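Hi,

Here is the structure I promised to pass on. Have a look at it first, and then read my notes below.

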Amino acid sequence: MNGAESLLRTLLAGGIDTCFANPGTSEMHFVSALDRVPGMRAVLCLFEGVASGAADGYARMKGRPAATLLHCGPGLGYAVTNLHNARRAASPIVNIVGDHATYHRPLDPPLASDIEGLARPFSHWVHTAKSAVTLGSDAAAAIECALSAPGRIATLIAPSDTAWDEGGEVCAVTPPGAPARVGVDHVEVIATLLRKDEPTTLLLTGAALREPGLAMAKAIAEVSGCNLIAEFTNGRFQRGRGHAQVARMPWGLDHARAALAETRHLVLVGARDPVAFFAFPGKPRKLLPDGCYLHVLAKPDEDVVEALATLADALGATPKPEPDAGPRPDVPTGPTTTESVARLIAALMPEQAIIVDESVSFGRGLFAATGGAPPHDWLHQTGGAIGAGMPLATGAAIGAPGRRVINIQADGSAMYTPQALWTQAHERLDVTTIIIANRKYAVLLGELASVGANPGRHSLEMMDIGNPALDFIKLAETMGVEAARAGTLVELADLLRTSCSKSGPFLIELVV
Ligand SMILES: Cc1ncc(C[n+]2csc(CCOP(=O)(O)OP(=O)(O)O)c2C)c(N)n1
């Protein structure tokens, strides 16, 4: 068995059966092993940023890592932006990066670069394989890292001779143990705090926003009178009927600080000490109000759900079914606003839809009006690096087959990774993309004012993507995706219904 085959067999034995790939010469033996070893779904992506973003979306929905297959340093370079977003979402991923043969690298051929240096800031574990004999055990170590709490990124660099040499050995994966438990004494400190009559807020993310954690948090809030709020961006948030409705931290320093203004105690539940996205001249950097105390129930890599269960027990709080949310909202008519689009999506989304939200400025108000929709999952772009939405939607559709993905996608951000549409067409994925075509970098117009810069002709030109106007219908059709334009809510409703009634991808350009 050569090294490539041992790598592939070790991935399969470790539970990784999906690989988002963009191969080159140094990965040819891995690709050829796919012909001999059944079981791996290899998904061709036409840009590495699509592969890494799709691996993120897959992991968020499947709860298990996928692999990526990337070509040398430059291939990894294209992938790192969405690895950054995946790291912020705590998504497990195993990157396999091909490289020159060990004895060829010293000659400094054109594609040679410092792959480890490039991988390190975006990976929790980086290793370059030394030989075909140990490539299998290296792959097992990579999987073990990826599976450790709360979900990590492992990058294994495989020089091409480690793939083609004989002597490969398949290696078993030792699954890491459960995440670290929060001590009962520590939970009791938080319980004591919640028994006091002082304004307290639990800041939730990660597993606290999925069942059973979400229902436990709601029960704790009902018994103690504390508030619940989610981080501004979250990897996967279970929402809609049957789930507790939890607001997310508002966008913008002033709004976020206002949301916490009355709080005396902020308790982090898998969340981080909340800070502003950026520093602004003369403004505070943290969201915590003055005089508010910060507490930690569970850190991101601790067992958040168990900590919530212990806290609920200590307070005598029992999760209950959510009350009936009443009839589903009607399809709205009238002007196209964030609120009306949210109500329309809530009215028409199928049961168990997956919303992938890279709607940027248009979508900040989408959340409130979708709480009463059928049960669904909401995936945010987590790291602030735009170009995640379409790849995330692609991976989510593969990770959760049978569920319709609705990608609410700002137009400027769409232009970073539109190649994802080709993979959606190639794999016949059930993804409806709604492009919010405002033909601007609208969010940056606000940021210009927030940092105190004066707008002039040149700076405003940097935020105008309307000349020439992007034609997303042609763009989608070029990649084999059916598409149509909507100028009104009625047209949007018709197209959303049509796209959800048939299989495969569909793109709607919503002109706003
Ligand atoms: C990788 C990356 N490059 C650039 C930026 C800076 N940036 C933030 S928002 C934005 C424009 C977003 O425009 P669009 O997606 O159309 O959303 P809108 O602002 O119109 O709501 C840019 C360029 C970023 N966040 N990430």
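Start with the ligand and S413: an N or O atom in the side chain of S413 sits 2.6 Å from an oxygen atom of the ligand. Please keep in mind throughout that this is a predicted model. V443 brings a backbone N or O atom to 2.7 Å from an oxygen atom of the ligand, and a polar backbone atom of A442 is 2.9 Å from a ligand oxygen atom. How many residues surround the ligand? There are 17, and the closest are S361, G412, S413, K440 and V443.

Next, the helix pairs. I went through three of them.

The pair α3 and α13 covers residues 48-62 and residues 389-399, and the two axes come within 6 Å, crossing at roughly 45°. That angle makes α3 oblique to α13, and their crossing is right-handed. On the α3 side the contact is made by G49, V50, G53, A54, D56, G57, Y58, R60, M61 and K62, which meet P391, L392, G395, A396, I398 and G399 of α13. Sorted by class, that gives eight nonpolar, five polar and three charged residues.

The pair α8 and α11 takes in residues 184-195 and residues 304-315; here the axes come within 9 Å and the crossing angle is roughly 50°. These two helices are therefore oblique to each other, and α8 passes α11 in a right-handed crossing. From α8 the residues in contact are V187, E188, I190, A191, L194 and R195, while α11 supplies A307, T310, L311, A314 and L315. The class count for this contact is eight nonpolar, one polar and two charged residues.

Then there is α1 (residues 3-13) with α6, where the axes come within 8 Å and cross at roughly 25°. Why do α1 and α6 count as roughly parallel? Angles under 35 degrees fall in that class, so α1 and α6 are roughly parallel to each other. Their crossing is right-handed. G3, A4, S6, L7, T10 and L11 of α1 meet A132, L135, G136, A139, A140 and I143 of α6. This contact divides into eight nonpolar and four polar residues, with no charged ones.

Last, some backbone details to look at in the loops. Which peptide bonds are cis? One joins A149 and P150, with omega about 0°. You will find P150 in the loop between α6 (132-147) and β6 (153-159). Another runs from N467 to P468, with omega near 5°, and P468 is in the loop between α17 (457-461) and α18 (472-478). Also have a look at Q352, a residue other than glycine with a positive phi, near 60°. Q352 belongs to the loop between α12 (338-348) and β12 (353-358).

Cheers

Terms used
Residues are numbered from 1 along each chain as its sequence is written. This is a predicted model: local features need pLDDT of at least 70, side-chain atom pairs count only at pLDDT 80 or more; totals for chains, interfaces and linings use all residues. Side-chain values use heavy atoms; hydrogens and water are left out. Axes are lines fitted to C-alpha atoms, for helices over the stretch in contact, and angles run from 0 to 180 degrees between N-to-C directions. Helices (H or I, at least four residues) and strands (E, at least two) are DSSP runs, numbered from the N terminus. Angles under 35 degrees count as roughly parallel, over 145 as roughly antiparallel, 65 to 115 as roughly perpendicular and the rest as oblique. A crossing is left-handed if the near helix is turned anticlockwise from the far one by less than a right angle, and right-handed if clockwise. Contact means heavy atoms within 4.5 Å. Ala, Val, Leu, Ile, Met, Phe, Trp, Tyr, Cys and Pro count as nonpolar, Asp, Glu, Lys and Arg as charged, and the others, Gly among them, as polar. A residue is near a molecule or strand if one of its heavy atoms lies within 4 Å of it. A polar contact is a pair of N or O atoms within 3.5 Å; within protein, one must be able to donate a hydrogen and the other to accept it, and residues adjacent in sequence count only if both atoms are side-chain atoms.
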